[in-house]
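Here's a quick briefing to read alongside the sequence and the 3D view. Take a look at the fold first, then work through the points below.

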Amino acid sequence: MDIKYNPQQIEPKWQKVWAEKQLDKVSNDAISADKKKFYALSMFPYPSGDLHMGHVRNYTITDVIARYKRMQGYQVLHPMGWDAFGLPAENAAIDRNTHPAKWTYANIDNMRSQLQQVGLSYDWDRELATCSPDYYKWTQWIFLQFLEAGLAYQKEAKVNWDPIDQTVIANEQVDSEGRSWRSGAIVEKRKLRQWFLKITDYAEQLLQDLDKLNDWPSSVKIMQANWIGKSTGAELSFPIVDSDEKITVFTTRPDTVYGVSYVVLAPEHPLVETLTTATQKEAVEAFIQEVKNLSEIDRTSDDRPKRGVAIGASVVNPFTGKEVPIWIADYVLFEYGTGAVMGVPAHDVRDFAFAKQYDLPIQTVINPPNATDEALNSAYTEAGIMVNSGEFDGLNSVTAKTKIVELAEKNQWGTAKITYRLRDWLISRQRYWGCPIPVIHCPNCGIVPVPHADLPVILPEDVELTGRGASPLAQKDSWINVDCPKCGTAAKRETDTMDTFIDSSWYFLRFADAKNDQEIGDRNAINNWMPVDQYVGGVEHAILHLLYSRFMTKVLRDRGLLTFDEPFKKLLTQGMVQGLTYMNPNKSGKDKWIPSALVDPKDPKDPKTGEPLQALYATMSKSKGNGVSPEVAIAKYGVDTLRMFTLFKAPPEKDLEWEDADVEGQQRFLNRVWRLVSSFAETKQNGISKKVDKNLRRAIHIAIKEVSEDFDGGYQLNTAISEMMKLSNALQDAEDRSSTTFLEGIETLLTLLAPFAPHIAEELWSLIGNEGSIHLQPWLTHDPDALTVDEITLVIQINGKVRGSLQVPSSASNDKQALEDYARSSSAAQKYLEGKEIKKVIAVVGKLVNFVVV
């Protein structure tokens, strides 16, 4: 039988068969208390138009897990959808003079076709797109749940304003120089009324429940904890001199309050205007104007010098009775804490640098243990002994913290306080291509929710998109003007659309009952399938997407929809796919990256200048020109080879370097498997003997054991492939290829291979005469008896030097006397012991016998 391995022929063939048989479809009726379920989910993609290798790796990892679980007997939900709203589609539509919906759905069609080429076992009947009205109807329903619960509200907040285009722009549309990407204008900060969700009400739950996520990477949990940013301390109030008002600050270091030498307000703080003296007014206004155009990152970055100016007013430190000046500084943000901080330069690194820069007093109030009287050259930020702190002198600073807060509460100078870095979630977007916010503004009734029966509020299609001026929705009078559903008065729709993170914070729930047009989903179906058992995606989503999804889940639980606390049981953050990248060190910006296709790898030079290039591995991207098209790779190698390479090259959580040689290595392995099995298919026609090959059977069951453990021990899929290679080698070396043991080995190899390379496994399973799909076969369990060894190799040593070996029954491996007897009778021992006096015999059970002779 001379059939060559032709993946381009067999892969489409089996994809068609699987689709016709609906092999990967799962019914909600199959899920009940007595059925094992497994929900495998990859983070769904934005439909940009084409798959990249990062997609292929992510989805292949999840697919292998889903296929493995099916073979273990689980009912597996493995769906796919599209995170389809957002600014990129709107901008692309403007550039191409088309509608965002047309552009988006064309991309979805293309990417769906590409995904189907990869052989992913999705239940396509559950496919969804967040831009479809039958999806965003329920996004709007969820918003109304938040509104009814008092968790959605409007307030003024800053936005990026393009003064030329007269429009709000997103942070990513502001370049490094603070200019609009479209008009080139210097972007201004303006305040607009915007919608927020009160995630801060759930800050403590979100923090505490991280302890429930035992199967999440610790690094992700740390990032979320830091983002929530719980701080325990005190709010302290400083009376303003010649005023009835006070400035309240939050501090985690109340033990340093006796060292306060100034107080800082955010430049935006409303007290600045009223407290600034006439002599300081000009300097203060000039400074505020400078700060206006700085981003939050610029203002708080550790590597930028902190700048400020005194406003001319003072406060009294109630603990010392002394007056200290009030400053404004760029590093204090009005949105964080109280918008004011106390400056303690002796015990805070930032305050120390600020005080040195502006020659402000530095008062030590905590000494390190065994301190000397040397001058302070840097801030001391650790615990120590209180000094210059009145009645608290001599106390340990940790103890003093509590006592100082007690004193503050007693005298009404302050109170103990817990704060969070987390801020409420701003969800308003002044763009078109997003989910409309379902509220109506009535002059009589105020904010009125759109009745549930009137959902969805449909995006109008006939809008003019220019990227300039107000939101396109705000310019559509026929859409904006409506009657108030409460009192019938002429009213107006909300023209903001929702942040796309809203769409992706609940999509995993919709997959449980994706076609339900009467409710967000059948409650039983959602609660039976959820939580997601295995979630796979990039670590770049470690904070926002995962945190918002956790928040959404907890709110919907409290609204009576859900019966669980967390949406994702296990989380796997796969590494990036890196390509060989060329960089011209003499160029800057995007120009420094030279597309790999233009470079001779043997002599890498800039094709324009002839300058030598640096070669490195970097994450594949269009801007670096270092990507490899999945479609090109599939056409060249076949999808099973591509899948095997992405799984074998590195553990799932590590970065993967694309190298053609390694891809070709996996292609050679699959060709060896093909030749091995197709050769056996011919042999099998002549009959199978009942002869048992114990060594081969041991290799078979070692492979079953090791691959299963690689799955269950953290998805070490690369080492699982190594075990399959070992089994393939053992089969290649087998002398009898017509035995029942060899048949068991061939079927085992194909079964283990099936989740990884599903097409070749299916083809070869059929080729050796099996009926039905290999993907419906049960996963194998190893036979412990097959792993036992009948004999062991006993090494013979004379004075520590190896002189020979022999096979002895494994039953004697733990019997030192028996091992010595076997060793004495060996030809090696008799040869080297003749005429020698044995002084000592050292027997190591299961390994060796050493004769010490003279």
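Of the 854 residues in the protein chain, 50% are buried, meaning under 20% relative accessible area with a 1.4 Å probe and protein chains only (exposed is over 50%, partly exposed is in between). This is a predicted model, so local features need pLDDT of at least 70 and side-chain atom pairs count only at pLDDT 80 or more, while totals for chains, interfaces and linings use all residues. Residues are numbered from 1 along each chain as its sequence is written, and side-chain values use heavy atoms, with hydrogens and water left out.

**The chain overall**

- The protein chain has 27 helices and 33 strands; these are DSSP runs numbered from the N terminus, with helices being H or I of at least four residues and strands E of at least two.
- Along the principal axes, the C-alpha atoms fill a box of roughly 110 × 80 × 65 Å.
- Take the contacts (heavy atoms within 4.5 Å) with a separation of 6 or more: 71% of them are between residues 24 or more positions apart.

- Helix 11 (residues 349–358) has D351, F352, F354 and A355 buried.
- Seen down the axis of helix 11, those buried residues fall within an arc of 165°, so they line one face of the helix; the arc is that of the directions from the helix axis to the C-beta atoms.
- Turned away from that buried side, the other face of helix 11 carries the exposed V349 and K356.
- What do the buried residues of helix 11 pack against? Their partners are strand 10 (262–265), strand 11 (308–316), strand 12 (323–329) and strand 13 (340–343).

**Helix 7 with helix 17**

- The axes of helix 7 (residues 218–228) and helix 17 (residues 544–558) come within 10 Å and cross at roughly 75°; axes are lines fitted to C-alpha atoms, for helices over the stretch in contact, and angles run from 0 to 180 degrees between N-to-C directions.
- That makes helix 7 roughly perpendicular to helix 17 (65 to 115 degrees; under 35 is roughly parallel, over 145 roughly antiparallel, the rest oblique).
- V220, Q224, W227 and I228 of helix 7 make the contact with L544, L546, L547 and R550 of helix 17.

**Helix 20 with helix 24**

- Helix 20 (residues 660–684) and helix 24 (residues 758–767) have axes that come within 9 Å and cross at roughly 10°, so the two are roughly parallel to each other.
- On the helix 20 side, L670, V673, W674, V677, S678 and A681 meet I760, E763, L764 and L767 in helix 24.
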